[in-house]
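Please look over the sequence and the structure shown here before reading on. The report then takes up several parts of the molecule in turn.

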Amino acid sequence: MLNLIIFGPPGSGKGTQSARIVEKYHLIHLSTGDLLRDEMENGTPLGKMVRKYIDKGLLVPDEIVLKELYQKASTHMDAPGFIFDGFPRTIVQAEALDRLLEKRNIPIGLVISVEVDEEELFRRLMGRAEDSGRSDDSDVIIRRRLEVYKQQTHPLIAYYRKQGKIITVNGMAPVDEVFGKICQAVDKHLIDQNSHSVAK
Ligand code: ADP
């Protein structure tokens, strides 16, 4: 089983890279942003509640996100692996994910951190705002999302570094190059994983 996290600030290109990774490694894509936006689009009571957070650029409370994620993941337990995109975003979420996966003996293998300068992030997010149709793509809200990332999500780098699971890629490079670097890291991880299980 291959469980990956793609990690990075809003606008770092996580979604684009996830789509490619999913295709190449046949993983199930779990994007909490997509799950929450589906709830908003369907106008469910939950969707109405989460909109209050998303439209302000704030994080949705951990309990809600965790419940959404568990529900979705539990329908794919026979998958060859997962890629988590936009999740975890807080230490509480990371600890909950570790507990869930350790219980099933399918821990996170690798955390891919995509690094992009803040001004480039802002430029990209403003650029995509015109056609994204996303209610959280306006300049004040984008600034807040970047701030929330720095305060609440960036500390996860240290969390996963301590576990020895993080690799970083330069997200300022062209999309193909970023993907190439990610594949190198994933392939190396797969080789290490195999030689480890043969040695056992
Ligand atoms: P981006 O990475 O561009 O901000 P996402 O689609 O990952 O986009 O997330 C959009 C919004 O959805 C976030 O700003 C936040 O309000 C909410 N959200 C997504 N994932 C989480 C999460 N794991 N925890 C809390 N809120 C989340």
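## A buried loop residue

In this predicted model, A173 is buried, because its relative accessible area is 16% and the cut-off for a buried residue is under 20%. A173 has its place in the loop between β5 (166-170) and α9, and although A173 and E115 are 58 residues apart in sequence, their C-alpha atoms are 9.8 Å apart in space.

V175 is found in helix α9, which spans residues 175-199. With a relative accessibility of 39%, V175 counts as partly exposed. The C-alpha atoms of V175 and T16 are separated by 8.1 Å, while the two residues are 159 residues apart along the chain. When its neighbours within four places in sequence are left aside, V175 is in contact with T16, Q17 and R20.

In soluble globular proteins, nonpolar side chains tend to be buried together. The largest nonpolar core in this model has 29 residues, and those with the most contacts inside it are I5, F84, L97 and Y160. The elements that give two or more residues to this core are β1 (2-7), α2 (32-41), α3 (45-54), α4 (62-74), β3 (81-85), α5 (91-103) and α8 (156-162). Of these elements, α4 provides the largest share of the core, with 5 residues.

Which residues is L97 in contact with, leaving aside its neighbours within four places in sequence? They are I5, L69, F84, F87, P88 and I108. There is also a second, separate core of 18 residues, and I6, Y25, L110 and V186 are among its members.

## A buried serine in a strand

S113 lies in strand β4, which is made up of residues 110-115. S113 is buried, with a relative accessible area of 2%. Leaving aside its neighbours within four places in sequence, S113 is in contact with F7, I157, I166, I167, T168 and V169.

## Around the ligand

There are 19 residues around the ligand, and of these T32, R37, L58, Q93 and R145 come nearest. A polar side-chain atom of T32 lies 2.7 Å from a nitrogen atom of the ligand, and an N or O atom in the side chain of Q93 is 2.9 Å from a nitrogen atom of the ligand. In the case of L58, the atom concerned is a polar backbone atom, which is 2.6 Å from an oxygen atom of the ligand.

How much of the accessible area that the ligand has on its own does the protein cover? On its own the ligand has 540 Å² of accessible area, and the protein covers 95% of this.

## Salt bridges

The count of salt bridges in the model comes to 13. In one of them the side chains of R51 and D55 meet, with a distance of 3.4 Å from N to O. Both partners are partly exposed: R51 has a relative accessible area of 34%, and D55 has a relative accessible area of 26%.

Another salt bridge is formed by K150 and E118, whose closest N and O atoms are 3.2 Å apart. Because K150 lies in helix α7 (residues 139-153) and E118 in helix α6 (residues 118-132), this pair ties together parts that are 32 residues apart in sequence. K150 counts as partly exposed at 41% relative accessibility, and E118 counts as partly exposed at 31%. E119 forms a salt bridge with R143, and here the closest N and O atoms are 3.4 Å apart. This pair, too, links distant parts of the chain, since E119 is in helix α6 and R143 in helix α7, 24 residues apart. R143 counts as partly exposed, with a relative accessibility of 35%. Finally, salt bridges that share partners join R128, R134, D136, D137 and R145 into one network, and R145 is also one of the residues that come nearest to the ligand.

Methods: Residues numbered from 1 in each chain as written. Predicted model: local features only at pLDDT ≥ 70, side-chain atom pairs only at ≥ 80, totals over all residues. Heavy atoms only, no water. Core = buried A, V, L, I, M, F, W, Y, C linked by side-chain atoms within 4.5 Å. Buried < 20%, exposed > 50% of the residue type's maximum accessible area, 1.4 Å probe, protein only. Helix = DSSP H or I, 4+ residues; strand = E, 2+ residues; numbered from the N terminus. Contact = heavy atoms within 4.5 Å. Near = heavy atom within 4 Å. Polar contact = N/O pair within 3.5 Å; in protein donor to acceptor, adjacent residues only side chain to side chain. Areas by Shrake-Rupley, 256 points an atom, 1.4 Å probe, with all protein chains shown as cover. Salt bridge = Lys/Arg side-chain N within 4 Å of Asp/Glu carboxyl O.
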